[in-house]
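Here is a short walk through one protein model. Keep the sequence and the 3D view side by side as you read.

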Amino acid sequence: MRTDIIDYLEKEIKHRCSSRANFFGMGVFYHIRAVADNATYLAKEYGADVEIVTIAAWLHDIASITDYNLYDEHHIHGMAIAERILSEFSYEPEKIERVKKCIYSHRGSKQKEKLTLEEICVADADAISHFDSVPSLFYLAYVNRNLNIEEGTEFVKNKLRRSYNKLSERSKETYKQKYDSIMNTISP
Ligand SMILES: [Fe+2]
Ligand SMILES: [Fe+2]
């Protein structure tokens, strides 16, 4: 396991997130960390390559936090940034390609059936991260969007519902209990 790369990425992503160039604020760091944790868990659970998945999860949104202008195509720019960083660590080119694949497909641009196990872990973890940041969703609803109680509740539930529906069939099963209990807590 290349813990040197993973440790570096954690620090580097935190550094980039706290920089003024990051449009999204520190909340995105907690998002990325949640994605990394969930992706690593899924990789072990599904028998995917844990190292590839963990590295790709840390890097999946790197373009968006580095420069907001890259946001629209951040899955493509992210591949180039990942390539640069990982080459400096002399990471094997074949592994770099596998990491880049995960970054490219994390937004669901590719058909689910054609994804590798590693791509599924990162894409699913990205969607699942909402389940770990329900308070941020409420903040978005009530503070940023100024919604009333009912509208805010619907807004948050809709976001969670969409995230759940994006999951692979396997992850739908893995996370069904967690999803149901969150939804029930919000409005029984
Ligand atoms: Fe993303
Ligand atoms: Fe993300």
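Start at Ser90. Keep in mind that the model is predicted. Ser90 sits in the loop between α5 (74-88) and α6 (93-105). Its backbone deserves a look too. Most residues other than glycine have a negative phi. Ser90 has a positive value, near 50°, and it is not a glycine.

Step back to the whole chain. What is it built from? The protein chain has 10 helices and 0 strands. Read from the N terminus, the elements run α-α-α-α-α-α-α-α-α-α. The radius of gyration is 17 Å, close to the 16 Å that the globule rule gives for 188 residues, so the chain is as compact as a globular protein of that length. Along its principal axes, the C-alpha trace spans about 50 × 40 × 25 Å.

Two further values describe the inside of the fold. Of the 188 residues, 35% count as buried. Then take the contacts with a separation of 6 or more: residues 24 or more positions apart account for 59% of them.

Next, zoom in on one pair of helices. Two packed helices are described by the angle between their axes and the distance between the axes. Find helix α2 (residues 27-46) and helix α3 (residues 50-59). They pack at an angle of about 165°, and their axes are 8 Å apart. That angle makes α2 roughly antiparallel to α3, since angles over 145 degrees count that way. The crossing of α2 past α3 is right-handed.

Which residues of α2 and α3 meet? From α2 come Ile32, Val35, Ala36, Ala39, Thr40, Ala43 and Lys44. From α3 come Val50, Val53, Thr54, Ala57 and Trp58. The residues of this contact divide into 9 nonpolar, 2 polar and 1 charged.

Notes
Residues numbered from 1 in each chain as written. Chains lettered and ligands numbered in written order. Predicted model: local features only at pLDDT ≥ 70, side-chain atom pairs only at ≥ 80, totals over all residues. Helix = DSSP H or I, 4+ residues; strand = E, 2+ residues; numbered from the N terminus. Rg over C-alpha atoms; globule rule 2.2 N^0.38 Å. Buried ≥ 20, exposed ≤ 12 C-beta atoms within 10 Å, placed from the backbone. Contact = placed C-beta atoms within 7 Å. Axes fitted to C-alpha atoms, helices over the stretch in contact; angles between N-to-C directions. Parallel < 35°, antiparallel > 145°, perpendicular 65-115°, else oblique. Left-handed = near helix turned anticlockwise from the far one by under 90°. Nonpolar A, V, L, I, M, F, W, Y, C, P; charged D, E, K, R; others polar.
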